[in-house]
Amino acid sequence: MTDDAYSIRPAGLADAEALCAFKRQVFGETEFLLQGLEDFDDQVDVERDLIGRFHHQSNSVLVLAVDDDGRVIGLCSIVGGHLWRTRHVGTMSIGVLRAWWRRGVGKRLMLQTMRWAEENPLLEKLALQVHATNTAARAMYALLGFEEEGLLRREAKLAGGEDDLVPMGRLLPRRSAIVTHALVRNWD
Ligand SMILES: CC(C)(COP(=O)(O)OP(=O)(O)OC[C@H]1O[C@@H](n2cnc3c(N)ncnc32)[C@H](O)[C@@H]1OP(=O)(O)O)[C@@H](O)C(=O)NCCC(=O)NCCS
């Protein structure tokens, strides 16, 4: 399908304006992101700074799905821990414009971002929190190997009340295991 043409790539500073437009739209389309329009500072400079911060954190990445006209249609991020004791954990977040739902964008974004995480020398675990009532995202995370790690009761506000959040995690192969595996393979 020609209307499904988009590419997936890390965000650059030049994406700041398109990223603002994306957030303006996606925050108005879903309540299932922890950030909403109430907390969105809709300024290109602010967005440029945010993209720049991702470039300066070696355990963090901001990945975009961009259509042929340069519009951002989806976003997936990993924010790595800042402390020595938690810098091996990357917290993931994802959002896709409603018009693009159920066309494989979310899965592709997740898979490419997870592949980046597997190559990252600091990260050993991916973590996220999902609304208990968000059946679409919970199904996607389960499909991608994330496991539920408990229940945070009444943790998020929605317009109509509150929702529980489900923490989910996926352990990445340890670097030492990769090295061992490579050594074993060399012995074959
Ligand atoms: C969750 C979200 C990112 C999924 O993106 P998407 O592009 O529609 O997902 P895909 O088309 O790649 O589907 C991937 C998998 O998700 C699951 N899924 C997606 N939509 C679903 C739905 N409506 N019902 C059940 N499962 C669904 C399926 O397992 C699907 O795999 P399949 O196509 O092999 O059945 C998208 O719905 C979204 O942006 N929602 C609003 C923001 C949000 O909830 N973010 C997550 C916060 S934790």
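Mentor: We'll take the strands, then the core, the ligand and a few arginines.

Trainee: What kind of model is this, and how are residues numbered?

Mentor: This is a predicted model, where local features need pLDDT of at least 70, side-chain atom pairs count only at pLDDT 80 or more, and totals for chains, interfaces and linings use all residues. Residues are numbered from 1 along each chain as its sequence is written.

Trainee: Is strand β4 mostly covered or mostly open?

Mentor: Mostly covered. Six of the eight residues of β4 (89-96) are buried. Buried means 20 or more other C-beta atoms within 10 Å of the residue's own, exposed means 12 or fewer, and partly exposed is in between, with C-beta atoms placed from the backbone. Strands are DSSP runs of E, at least two residues, and helices are runs of H or I, at least four, numbered from the N terminus.

Trainee: Which strands pair with β4?

Mentor: Strand β3 (72-80) pairs with β4 in the antiparallel sense, over seven bridges. Strand β5 (125-131) pairs with β4 in the parallel sense, over three bridges. Pairing takes at least two DSSP bridges between the strands.

Trainee: Which residue stands opposite Gly90?

Mentor: Leu126 in β5. Between β4 and β5 the chain passes through helix α3 (105-119), and this β-α-β crossover is right-handed. That means that, with the strands pointing away from you, the path from the first strand over the helix to the second runs clockwise.

Trainee: New topic. How many residues are in the largest nonpolar core?

Mentor: It has 28 residues. Among those with the most contacts inside it are Leu64, Ile73 and Leu109. A nonpolar core is a set of buried Ala, Val, Leu, Ile, Met, Phe, Trp, Tyr and Cys residues joined through C-beta atoms within 7 Å.

Trainee: Which element gives the largest share?

Mentor: β2 (61-67) does. Six residues of this core come from β2.

Trainee: What does Ile73 touch?

Mentor: Leaving aside neighbours within four places in sequence, its contacts include Tyr6, Ala65, Val96 and Trp100. Contact means C-beta atoms, placed from the backbone, within 7 Å.

Trainee: And α1, how does its span work out?

Mentor: α1 has 14 residues, so at 1.5 Å a residue it should span 20 Å. The end C-alpha atoms are 20 Å apart, which agrees. The expected span is 1.5 Å times one less than the number of residues.

Trainee: Which residues of α1 are buried?

Mentor: Ala18, Leu19, Cys20, Phe22, Lys23 and Val26. Their cover includes α2 (44-55), β3 and β4.

Trainee: What surrounds the ligand?

Mentor: 23 residues do, and the closest are Phe32, Gly106, Lys107, Ala136 and Met140.

Trainee: Now the arginines. Where is Arg87?

Mentor: In the loop between β3 and β4. Arg87 is partly exposed, because 17 other C-beta atoms lie within 10 Å.

Trainee: Why is Arg102 called exposed?

Mentor: Because Arg102 has 9 other C-beta atoms within 10 Å. Arg102 lies in the loop between β4 and α3. Its phi is positive, about 65°, although Arg102 is not a glycine.

Conventions. Two residues are in contact if their C-beta atoms, placed from the backbone, lie within 7 Å. A residue is near a molecule or strand if its C-beta atom, placed from the backbone, lies within 6 Å of it.
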